[in-house]
Amino acid sequence: MVERPWPSELRLSPDKATFTVAFDNGDRFALGAEYLRVESPSAEVQGHAAGQKQIVPGKRGVKIAALEPVGNYAVRIRFDDGHDTGLYSWDYLHELGRDHNKKWAAYIRELRIRKLER
């Protein structure tokens, strides 16, 4: 059985622009608020089925307004633009950290194709 990384530390930066999550396997990721917002696991962003993901422009200055634990499996991130419907599971946070470069590059590419601004 493969051990799933478990968070050992969650920290919001004083300027509320970066959320750092450390895992018990030694992985540590500093995730920007903009990145977390545009990759939200909410249906608004991800859609209800494969291939429905939305590109969310105009979030360069978004900040994290609050973090709320959800059981022992996730955190709800409330953003200062009012978005708060995504539950970020520990597995999803680890995926966002692990795949940051690939996901961020795809987001920037889609913005350019659609002539949208961050």
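## Salt bridge between Glu39 and Lys53

In this predicted model, Glu39 and Lys53 form a salt bridge whose closest N and O atoms are 2.6 Å apart. The pair ties together distant parts of the chain, 14 residues apart: Glu39 sits in the loop between helix 1 and helix 2, and Lys53 in the loop between helix 2 and strand 4 (64–70). The two partners have their own surroundings. Glu39 has 3% relative accessibility and so counts as buried, the cut-off being under 20%. Lys53 is partly exposed, with a relative accessible area of 34%.

Salt bridges with shared partners also build one network out of Arg37, Glu44, Lys59 and Asp81.

The structure holds 14 salt bridges, and one more deserves a look. The side chains of Asp91 and Arg4 meet at 2.2 Å, N to O. Asp91 belongs to helix 3 and Arg4 to the segment before strand 1, so that this pair connects distant parts of the chain, 87 residues apart. Asp91 is partly exposed, with a relative accessible area of 32%, and Arg4 counts as exposed at 59% relative accessibility.

## Ser42 in its loop

Back in the loop between helix 1 (33–38) and helix 2 (43–46) we find Ser42. With 3% relative accessibility, Ser42 counts as buried. Leaving out residues up to four places away in sequence, its contacts are Gly47, His83, Thr85 and Gly86.

Strand 1 and strand 2 (residues 18–23) run antiparallel and are joined by five bridges. Arg11 stands opposite Thr20 of strand 2.

In soluble globular proteins, nonpolar side chains tend to be buried together. In this model, the largest nonpolar core has 18 residues, and Leu31, Leu36, Ile77, Tyr88 and Leu93 have the most contacts inside it. Strand 2, strand 3, helix 1, strand 5 (74–79) and helix 3 each give two or more residues to this core. Helix 3 supplies the largest share, four residues.

Not counting residues up to four places away in sequence, Leu93 touches Phe19, Phe23, Leu31, Leu36, Val75 and Tyr88. There is also a second, separate core of seven residues, including Ile55, Val56, Tyr107 and Leu111.

Technical notes:
Residues are numbered from 1 along each chain as its sequence is written. This is a predicted model: local features need pLDDT of at least 70, side-chain atom pairs count only at pLDDT 80 or more; totals for chains, interfaces and linings use all residues. Side-chain values use heavy atoms; hydrogens and water are left out. Buried means under 20% relative accessible area, exposed over 50%, partly exposed in between (1.4 Å probe, protein chains only). Contact means heavy atoms within 4.5 Å. Two strands pair if DSSP finds at least two bridges between them. A nonpolar core is a set of buried Ala, Val, Leu, Ile, Met, Phe, Trp, Tyr and Cys residues joined through side-chain atoms within 4.5 Å. A salt bridge is a side-chain nitrogen of Lys or Arg within 4 Å of a carboxyl oxygen of Asp or Glu.
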